[in-house]
Amino acid sequence: MKCSHKLLLQVLLASTLTGCLVGPDFHKPAPPNIKKYTRTTFSTKTVSMSPKEPSTRTQYFLVGRDIPGEWWTLFHSRQLNKLIIQGIQNSPNLIAAKAALSQANYIMTAKIGATLLPALNVGVGAERQLTGSENTLSDTPGSIFNLFNATIAVSYTPDVFGGNRREIESLTAQVDFQRYELIAAYLTLTSNIVTTAITIASLEEQIKATLSLINEEEKQLAIIKAQFHLGGASKANVLSQESLVAQTKATLPPLQTSLVQSHHALAVLVGHFPSEQPTPYFDLNQMTLPNQLPVSIPSRLVQQRPDILAAEATLHSASAQIGVAKANYFPQVTLGANSGRASLVASDIFTNPASYFWNYSAQLTQSVFNGGALVNTVKANTEAFKQAAAQYQQTVLQAFQNVADVLRALEDDARTLKAQQQAVKAAKGSLVLTEKQYRLGGTSFLSLLTAQQQYQQALISFIQAEAARYSDTAALFQAVGGGWWNPQPTQALAGVKS
């Protein structure tokens, strides 16, 4: 009896270990043979300018330098760091992504247990039966008796052609997909918090500048009204200045609305209702513009971007599904073994040798006719693989576009900010000089209006250019992968790194 059990176990193990894997073996796509992100070689640093403001620092592009895991700390804003920690802890998107990863792991583990290991079932039973004379071959009267039994049943379907292992391979790739989706959600969350904070800081500055301009224009209006009463200015001059003040005031409500909406967006990002989250104040001048910008070499980008890695996992899963479909071409073998005891008396079930019984079985099933279902399933899975391959390629192309766009934007942001810095300086000087000349009667009121409008526009444009530089810096860290592979004190991605 023991020899029979050992023989069955040997057959089961041998059929699994020596079985082949039908279908294609997956190979990671080779990185694109690209040496640079842009057609023209981008500069190693941005243009230099007068560093009177934190936003006017020269930035250096460091090719091949690794990205810190908590890249947002380079902005040196404690309030920003605190909000990002809150977002990581509370974001429903991040919680959902973690749950999806856990689900995928459980599904894969369940499949392994259900297909690669034998199924073992233990049962006990008791019956009381009446056998009538009509149900027997003799004329003896029927009888009432008890039947007690205890059984152990083992069944196993050897994965001879690898269909189950290909299915597990596909499920493992889906686990990888969910892992990279979690990383992508984490990177998107942190980047959105940073850019929203920058937007709030920019709007705060624009509102402050607008209020300052309104104050100056109202002072000028008071002077013009005084001149009008003394006969030194016309009614038209008064009306024109009043119109300018009203126009400047009209720009204030949209800025205030955008600021409130940005605060609402930030509250949701950190997992709170807008009414619950305290209103944070951000100041661009209190943030440090990172001046050393790591830029991954092109061949490394495909190993760092979570969206590319997720697309690769989808491609891997699709490849394995071709093997699953092809394995169904071949016969399926099911092995079984049953052993137990049955007795009319409960006390004899484990003591009476005559109560023991066993059986072994083997069953082979081969699909003979299925209306072309197997062939068409293989074709469908092959097309799904082609689709996943094209989507992977598109994801790679878009990733390289993201990096190229941001690199070019950062160069242009610095040039724009430098020009706006000069424009503000020139417009401010022109306004001061024009105001003096107007008071002395040396220039027209139209010239004064023009100087005021030019300064207003130059100041707002400078603030917007500042914010663009900060935002595009954050966008670069996101575009090159966000450094999720490096150790992080927050442990936000504990257990999910590859």
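Trp71, Trp72, Tyr186 and Phe477 form one aromatic cluster, where rings of Phe, Tyr and Trp (its six-membered ring) count as a pair if their centres lie within 6.5 Å, with planes under 30 degrees apart called stacked, over 60 edge-to-face and the rest tilted. The model is predicted, so that local features need pLDDT of at least 70 and side-chain atom pairs count only at pLDDT 80 or more, while totals for chains, interfaces and linings use all residues. Residues are numbered from 1 along each chain as its sequence is written, and side-chain values use heavy atoms, leaving out hydrogens and water.

The structure holds 8 aromatic pairs. One of them joins tryptophan 71 to phenylalanine 477, a stacked pair with 5.4 Å from centre to centre and 10° between the planes. Tryptophan 71 sits in the loop between strand 1 (60-63) and helix 2 (78-90), whereas phenylalanine 477 belongs to helix 10 (residues 445-479), 406 residues apart; helices (H or I, at least four residues) and strands (E, at least two) are DSSP runs, numbered from the N terminus. Tryptophan 71 and phenylalanine 477 are both buried, meaning under 20% relative accessible area, with exposed over 50% and partly exposed in between (1.4 Å probe, protein chains only).

Why is the pair of tryptophan 72 and tyrosine 186 edge-to-face? Their ring centres are 6.4 Å apart and their planes stand at 70°, so the pair falls into that class. Tyrosine 186 lies in helix 4 (residues 163-229), 114 residues from tryptophan 72 in the loop between strand 1 and helix 2, and both tryptophan 72 and tyrosine 186 are buried.
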